[in-house]
Amino acid sequence: MGLEVATQAAISRMDISAPTPIQAQSIPPLLSGRDLIGQARTGSGKTLAFAVPIAERCDPSAGRVQALVLVPTRELAIQVADVVDALASPHGLRVALIYGGRSLRPESAALGKGAQVVIGTPGRTLDHLRQGNLDLGSLRLFVLDEADEMLDKGFARDVEAILAETPRKRQTALFSATMPEWVARTARKHLRAPATVEIDGGVQAPPTVEHLVYSIEKADKVGALRTLLDERQGDPTIVFGRTKHGVRKLAKQLGSLGYRVGALQGNLRQNARERVMTEFRSGTVPILVATNVAARGLDVEDVGQVINYDMPDSQLLFTHRIGRTGRMGRAGEAVTFITPEEERKWREIERGLGRRFSREPWRAAR
């Protein structure tokens, strides 16, 4: 690829010796200045695919923001910033991380010192733009990570408002684990003759994930969950619930039964969220009960099992939840509980995924 020595050294320090397919096919066109739409499943190395071009295309002598990466969640912003900083800092580039749930002041200070690269969530990025702390007039490269969510109803207005503050001649890259046609159509409004990299467009969940689907009565779910957790081989496990209240209640219940468990949901203060994730990554807390805030982008090595305690609301969320395990070719297991009330929703998810999963009653399975 003709990468600079500093970039090669940074990649070597990450113990990476060969690019993944999304990296091999995305980095050259991005280095050449082309817009790009990149699709590859979760855990395929998309972050490095845009971190390398950011490191090589930004000018450390210019104290202006030249690259902006937008992501949907705080946790993903932190992870992406770690990867980008590892590539950018050897080039003398400063990276600013901006996200909600904490004071604006330290972020304003980081931007004021002349950061060339910004990683942020949409709402906080808009806050800084409106307060005059962030100037995108010199932006060279705009990256939208998890584009299928970022262009959906929840974030689309904020993303459009941020794009309106950037130069028309900027380079734009969109990356996502899934690329529905409506996302591709929307993307074309903002990209100019983009290169399209589609690594596994027909794959809805990592092939290394084994699916176990159980029909179950609502009253039996806690007991079934305990059985599954007791059978764990020590690997980290993520249990997905539907609501913030439900996640808090389930985590508290499991904790009272002696399980080492953390809860991750949107109402947590940012320092509490970071503490939970630190404990989960270190193995201090091997079980994470979470809402969909953990379904996207969280990169925790060796998550052995994902349990859909409550069914997700869409096939897209199902795909992203399952993507927390079986990452980078490792084996993983995904368990899904289906109560009688959820039968219709499950049929919709299967139709959306274009596949049928084998299923058995929980009691018969045990």
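This is a predicted model: local features need pLDDT of at least 70, side-chain atom pairs count only at pLDDT 80 or more; totals for chains, interfaces and linings use all residues.
Visitor: Is the pair of F50 and F175 stacked, edge-to-face or tilted?

Guide: Planes under 30 degrees apart count as stacked, over 60 as edge-to-face and the rest as tilted. The ring centres of F50 and F175 are 5.5 Å apart and the planes stand at 50°, so the pair is tilted.

Visitor: How many residues apart in sequence are the parts that this pair ties together?

Guide: Helices (H or I, at least four residues) and strands (E, at least two) are DSSP runs, numbered from the N terminus. F50 belongs to helix α3 and F175 to strand β6, so the parts tied together are separated in sequence by 125 residues.

Visitor: Which strands form the edges of the open sheet?

Guide: Seven strands, in parallel pairing, follow the order β3-β4-β2-β5-β6-β1-β7; two strands pair if DSSP finds at least two bridges between them. Within the sheet, β5 (residues 141-145) and β6 (residues 171-176) are joined by five bridges, and V143 stands opposite A173 in β6. The strands that pair on one side only are β3 (95-98) and β7 (195-198).

Visitor: How are α3 and α4 oriented to each other?

Guide: Axes are lines fitted to C-alpha atoms, for helices over the stretch in contact, with angles from 0 to 180 degrees between N-to-C directions. Helix α3 (residues 46-57) packs on helix α4 (residues 74-88) at about 40°, with the axes 9 Å apart. Residues in contact (heavy atoms within 4.5 Å) include F50 and I54 of α3 and V80 and L87 of α4. Angles under 35 degrees count as roughly parallel, over 145 as roughly antiparallel, 65 to 115 as roughly perpendicular and the rest as oblique, and α3 and α4 are therefore oblique.

Visitor: What is the orientation of α2 to α3?

Guide: The axes of helix α2 (residues 21-31) and α3 come within 9 Å and cross at roughly 25°. Among the residues making the contact are I22, I27 and L30 of α2 and A49, F50 and P53 of α3. The crossing therefore makes α2 and α3 roughly parallel.

Key:
Residues are numbered from 1 along each chain as its sequence is written. Side-chain values use heavy atoms; hydrogens and water are left out. Rings of Phe, Tyr and Trp (its six-membered ring) pair if their centres lie within 6.5 Å; planes under 30 degrees apart count as stacked, over 60 as edge-to-face and the rest as tilted.
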